[in-house]
Amino acid sequence: MPKAQFIIRWDDVSFRQDRRKFQTLVDLFVKFDIPAVLGVIPDNQDPDISLEQGDQAAFVDELRVLEKNGWEIAQHGFRHIKHTDNGGILGLNKASEFAGRDYDQQLQDLEQGRDILTNFGFNPVTFIPPWHSYDKATIKALGQSGFKTFSDGLFLYPRLTENLLQLPMIFWSVPNRLSALEKMNSIYTICLHPQLIRDEDLTRLELFFKDYRPQVVTAASLLEQTDNLCRRSLKEMVLERIFAMTYKRQG
Ligand SMILES: [Zn+2]
């Protein structure tokens, strides 16, 4: 029987982040040989998450080593600037770098960000929108600028959106009820912010890693299975409906 899979993505990664907290999390993941999806901000200009002067060259070297060990370098916005207060399709935050702006402006920012990461030697295929905020123009621009998958959406199973593999993200820490999640047989993304990690989060992660190491994957590693992942069994269609109704009631 196929098992549930998990993606662990880190948001707000840049050379201006809190290095000590970042390193603590890296050490834990490396200890258990867990690959993370790093949401790297190509040109971080957000004062709220620019905590250190930082050394960009050393940071890029470190990312390269992690990538060689199976980690994924994804793109998290471009400058992480609040251009609008538009919550986009999900409406989780009143802030966006993309939603509500013209298609051309969005495309330009996506491509400029991508160029920076490409110049560092990476080839990002996964996009993570800052503040979980994106709109239809963002999705169209993502396809145009060469992304293959994006990580966000409040639903249960992966789906194909404008030819992109959309991987939903519904957990901000290691979830409870793991056995129920296993039965629903999806791919669950857990979103972490390294600067907010507390000791109890580290303990929870460690416990999770002991049991679930083989089931943690990256977004890019799933691309080849896109068709399969977006197909639903009857049972999954029912579960998807129930999830959508439950989520709406809570929201
Ligand atoms: Zn962010």
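Let's start with Gln56. The cut-offs: buried is 20 or more other C-beta atoms within 10 Å, exposed is 12 or fewer, partly exposed is in between, with C-beta atoms placed from the backbone. A caveat: this is a predicted model, where local features need pLDDT of at least 70, side-chain atom pairs count only at pLDDT 80 or more, and totals for chains, interfaces and linings use all residues. Numbering runs from 1 along each chain as its sequence is written.

Gln56 sits in helix α2, residues 56–68. Helices are DSSP runs of H or I, at least four residues; strands are runs of E, at least two; both are numbered from the N terminus. Gln56 and Arg16 are 40 residues apart in sequence, but 8.2 Å apart in space, C-alpha to C-alpha.

Now strand β1, residues 5–13. Eight of its nine residues are buried, so β1 is largely enclosed by the rest of the structure. Which strands does it pair with? Pairing takes at least two DSSP bridges between two strands. β9, residues 187–192, runs parallel to β1, with six bridges. There, Phe6 partners Tyr188. β2, residues 37–40, is also parallel to β1, with three bridges. Val13 partners Val40 in that pair. β10, residues 216–217, is parallel to β1 too, with two bridges. Its Val217 is the bridge partner of Ile7.

Next, the connection. β1, helix α1 (residues 19–31) and β2 form a right-handed β-α-β unit. Right-handed: with the strands pointing away from the viewer, the path from the first strand over the helix to the second runs clockwise.

On to the core. A nonpolar core is a set of buried Ala, Val, Leu, Ile, Met, Phe, Trp, Tyr and Cys residues joined through C-beta atoms within 7 Å. The largest one has 40 residues; Leu38, Val40, Ala74 and Leu142 touch the most other members. β1 gives the most to this core, five residues. Take Val40. Beyond its neighbours within four places in sequence, its contacts include Val13, Leu63, Ala74 and Leu117. Contact means C-beta atoms, placed from the backbone, within 7 Å.

Most residues other than glycine have a negative phi. Asp12 is not a glycine, yet its phi is positive, about 65 degrees. Asp12 is in β1. Asp12 counts as buried because it has 28 C-beta neighbours inside 10 Å. His80 also has a positive phi, near 60 degrees. His80 lies in the loop between β3 and α3. With 24 other C-beta atoms within 10 Å, His80 is buried.

Note on methods: Two residues are in contact if their C-beta atoms, placed from the backbone, lie within 7 Å.
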